[in-house]
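Hello,

Here is the structure I said I would pass on. Please look it over first; my notes on what was found follow below.

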Amino acid sequence: MTLGDYLHEFHGLPVADFPARPDETPAELPDPASVAWRLSASTYAEDDDEQWQPLFERFLADVDTTRVRALVVGGWDEAFENSSADIVEALTGAKDRLPALEAVFLGDMLSEDCEISWIVQSDITPLLLAYPGLRTLGVRGATGLEFPPVRHEALRRLVVQTGGLPGRLVRNIAACALPALEHLELWLGRDDYGNDTTTDDLEPILEGTRLPALKYLGLRNSDTQDDVVAAVASAPVVTRLTELDLSMGVLTDKGVEALLAGQSLTHLKRLDLSHHYLSDAVRERVVKALAPHGVDVDVSDAQAPDEYDGTVYRYTAVGE
C-alpha cells in the first residue's frame, strides 16, 4: 500500500493549497484562519519552477499570516536528497509573523513526489521551541529525522509517519516532557526501511508516566505488530486511553490472543486493528468480547499472506 492522497483536513481545518506559481494567485484567497495552508513545491523542479523558500516568502507577503493557524508543508526541491532543515529554519525564523500558529505538518508527499522512506527530514524540535503555543505537530519520513528530548507545555497531538522508525527516535520521543499530549501516533514500519524499535524502546510510553493526558495511542504499521500488541496488553497507560490504534501492521492471531488475555479493554471507545492477518475465528472473537461493552472494534481490511518458495511474507500497509 502507498499513501493514497494528500491531507484534506488538518488540525480540524480544511486544507487549502497556496498557489504554487505567482501567476496562479487568485484575486481573493480564503480567510487566513479558516483553512490549513498547504505550501508545496515540486520535488523534481524544472528551471522555471518556484522552490519552497520563495513560495514561503510569497505566502508571507500575500496572506495575513498573523491569523494563520495551521501550515502543511508538502514537497520541496529534491526532497529525496535535500533535508527539511532549511524549511524548519524558515518556519522558526518567521515565528513573529505567525503568532497564531497552532499546527504544522512537515512532508505531505505521496509516492509520486517522494517515497515515504526517501523523504529526508531533519531535527524538527526547533519548531516546538519557536512556537510554545503549538498544539499539533506531524511529520512524514524518518530518514535524517532527529527529535532530541524537549519539554513543551501545549502540544496535544504528535504524529510521526514512517516506513521504518529507528528505536533511538522512539526513545527520544519517549523522553520528552509533553504534559498536555492527548494523541501520540507512531508508524513503526519495517526493518528493511529502518525499523529496529523494540518493546524496551516503547516501555516508557507504555508506562505512561510522562504522558498524563494521553487519550489516544497509535502504534501502527509495524512488522513486529504481534510483539507490540503483546506489550500493550499489560501496559499501564492503556487504562487511561479512550482509543487504541494497532492498525496497518502484520497483526496475527497470536497478537490478538495476547491482547485478549491481558487487561480489560472494555473502557475503550475504539480499538483499531484494521489491515491485519487474522483468522475469521479470532476476528469474530475480539469483536464479541468488546462490542457488547460499546467498544467500536475495527477489524476491516483483512490481508492474505504471500508464500514464495516455502517462506510466508506479510507486509505492513506502508513501507517504501
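Leu155 is buried because its relative accessible area is 0%, under the 20% cut-off. Please keep in mind that this is a predicted model. Leu155 sits in the loop that links strand 6 (136-140) with strand 7 (157-161). Leaving aside residues up to four places away in sequence, Leu155 touches Leu128, Leu134, Arg135, Thr136, Leu137, Leu178, Ala180 and Leu181. Thr209 is 54 residues from Leu155 along the chain, and the C-alpha atoms of these two are separated by 16 Å.

Next, a pair of helices. Helix 4 (residues 167-174) and helix 5 (residues 199-207) have axes that come within 9 Å of each other and cross at roughly 20°. Helix 4 is therefore roughly parallel to helix 5, as the angle is under 35 degrees. The crossing of helix 4 with helix 5 is left-handed. On the helix 4 side, the residues in contact are Gly167, Val170, Arg171 and Ala174, and they meet Asp201, Leu202, Pro204 and Ile205 of helix 5. Sorted by class, this contact holds five nonpolar residues, one polar residue and two charged residues.

Last, the cysteines. Are Cys114 and Cys176 buried or exposed? Cys114 has a relative accessible area of 1%, so it counts as buried. Cys176 is buried as well, with a relative accessibility of 1%. A disulfide would need a pair of cysteine sulfur atoms within 2.5 Å, and by this rule the count of disulfides is zero.

Regards

How values were computed
Residues numbered from 1 in each chain as written. Predicted model: local features only at pLDDT ≥ 70, side-chain atom pairs only at ≥ 80, totals over all residues. Heavy atoms only, no water. Buried < 20%, exposed > 50% of the residue type's maximum accessible area, 1.4 Å probe, protein only. Axes fitted to C-alpha atoms, helices over the stretch in contact; angles between N-to-C directions. Helix = DSSP H or I, 4+ residues; strand = E, 2+ residues; numbered from the N terminus. Parallel < 35°, antiparallel > 145°, perpendicular 65-115°, else oblique. Left-handed = near helix turned anticlockwise from the far one by under 90°. Contact = heavy atoms within 4.5 Å. Nonpolar A, V, L, I, M, F, W, Y, C, P; charged D, E, K, R; others polar.
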